[in-house]
Amino acid sequence: PEEKWRRRVDYITFQPHDEYLPGLEGLRARGEGSILRHFEALSELSARLVRAGGVALLLLAIWALSGVDGQFTPAHLGIVVATLAQSLLLLYLVHWRWHRLDLSLDAVIKCFASGFFFSSSTAIVVEVLVSLAASCVTALLGLLAIVLEIELGLLDEPTGVGGLDQLKPSIVRENAWLGVLAVLLNAFVVAAMVEELCKYFGYWMVEHPDLLNDGELANGGGSCGAGGAEAQGGGAVRRDLNSRGVGITAGMVATAIGFSCCENLKYVLASADVGVELSTLAARSLLPVHALAAALQSVGVCRRDLEGDRSHRLGRIILPALLLHGSFDFFLMVAPIIVAVRHADDLGGQDDGGGSSGGGTDAPYGAYLRLCEGLGTVDGDVWKPQTGGGTDPEGGGGGDDPANGTDAMIGLVSFGLSLLSVLAGGCLYVVASRRQRHRLELLERDGTAAPVAGLVAPT
């Protein structure tokens, strides 16, 4: 066991855990509240990460102030700083404000970095592959459906030149289910499942003394026992089960915040317009879905690692988070499909020469598409509302159009359902975490805690 402990080192720097663990133990034993003291106790890896982040921000500031790139001005730099500040505010509330002694700042920095770099980059690659597979499935089903509908005579019969354009309205109407299926796959499989798995493994790959159990530390760490609440011999401190559980939750949420910070930067910087960047950041900061989903995951991890319930394998751990994340995305993404079906007849009539159906047929989509673009659920380069003609997509000429009002209502209902899914997830976490706290208190009192705690191999 002692030899195994000596092999526990940080990635990149290869600094042994027992070099910096005594400093973290001292902070807990004293109940240290000074953030400067916590920074002084950082491991070499965490200190490098903080310095690298500061240097990167300094270089961005120099680049923005130099005026070399007209697409990245001081205003855009302010958006980047605001995006980082939003993540730091969440970390402050989740960790520093109430739980800085349950999980060290050193561990939070490493979890955040793992989510920012590893989880996000892995998710990008895997999502591309899974999205391609999902697109192939929906394309094949769509082709089979159209062939079958032609055979059954369900589609309108095309006449004259441009027959394919004439088929578009009936194809859209008859195959609304296909659009819903595509959204379902994108929401629950491409986005939710991939991202929740990447966040889970991003946390799992952070091996830190705070996330090991007392037995592992005592067998190899000498006087460097696990940190926590009760002083032991040699200056070590023992954490109770609830403290460990809070530490696991804080670590998983920190990983998720790192992931969402990288994702927010990607969406925010996708536009060169400062106003769009601000609205995008505001929309994505309104509901911290990634952090809440990670908190739901942590309940299952604590159930497995602290309570010893081996029935909580990977699938049961991520399932509540997957349902929350998938439902949130699905309700936001399905509304454009409903709007498209409602306006299916407009798709085939743009070249008929009629004045009313000329340039303004896409106007009802305008306001809702701008909302979707702000939330990052619609690629603006692929689907843009058409301007021109008799109806103003900004709401000037078309404000009294009943169709416009109905589409706006669809958008509001869609957003309301997404919000409801987040509230339901929050309520579920509150109830589940309270019940778990009670169970952990009973285990602590009876001395029947699980023999294996902290990080274990996923099964």
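View 1. Ile12 is found in the loop between α1 (2-6) and α2 (17-30), where helices (H or I, at least four residues) and strands (E, at least two) are DSSP runs numbered from the N terminus. This is a predicted model, in which local features need pLDDT of at least 70 and side-chain atom pairs count only at pLDDT 80 or more, while totals for chains, interfaces and linings use all residues. Residues are numbered from 1 along each chain as its sequence is written, and side-chain values use heavy atoms, with hydrogens and water left out. Most residues other than glycine have a negative phi. Phi of Ile12, however, is positive, near 70 degrees, and Ile12 is exposed, with a relative accessible area of 60% (buried means under 20% relative accessible area, exposed over 50%, and partly exposed in between, with a 1.4 Å probe and protein chains only). Phe14 lies in the loop between α1 and α2, has a positive phi of about 60 degrees although it is not a glycine, and is exposed with a relative accessible area of 60%.

**View 2. Helix α4 and the glycine that follows.** Helix α4 covers residues 44-66, and its 23 residues should span 33 Å at 1.5 Å a residue, which agrees with the 33 Å between its end C-alpha atoms; the expected span of a helix is 1.5 Å times one less than its number of residues. Buried in α4 are Leu45, Ser46, Ala47, Ala61 and Ala64, and what covers them includes α5 (74-99) and α6 (105-152). Just after α4, Gly67 takes a positive phi of about 75 degrees.

**View 3. The kinked helix α5.** The 26 residues of α5 should span 38 Å at 1.5 Å a residue, and the distance of 35 Å between its end C-alpha atoms agrees. A kink of about 45 degrees in α5 is centred on Tyr92, the bend at a residue being the angle between axes fitted to the seven residues ending there and the seven starting there. Among the buried residues of α5 are His76, Val80, Leu90 and Trp96, and the buried residues of this helix pack against α3 (35-40), α4, α6, α10 (241-268) and α11.

**View 4. The packing of α5 with α11.** α5 and helix α11 (residues 274-286) pack at an angle of about 5 degrees, with their axes 10 Å apart; axes are lines fitted to C-alpha atoms, for helices over the stretch in contact, and angles run from 0 to 180 degrees between N-to-C directions. That makes α5 roughly parallel to α11, a term for angles under 35 degrees. The contact (heavy atoms within 4.5 Å) is made by Ala75, His76, Ile79, Ala82, Thr83 and Gln86 of α5 and by Val274, Glu277, Leu278, Leu281 and Ser285 of α11.

**View 5. Helix α8 and its residue Val189.** Helix α8 (residues 176-204) has 29 residues that should span 42 Å at 1.5 Å a residue, and its end C-alpha atoms, 40 Å apart, agree with this. α8 bends by about 30 degrees at Ala192. Val189 lies in helix α8 and, at 28% relative accessibility, counts as partly exposed. Leaving aside its neighbours within four places in sequence, Val189 is in contact with Val130, Leu184 and Val194. Val189 and Ser131 are 58 residues apart in sequence and 8.5 Å apart in space, C-alpha to C-alpha.

Note on methods: Parallel < 35°, antiparallel > 145°, perpendicular 65-115°, else oblique.
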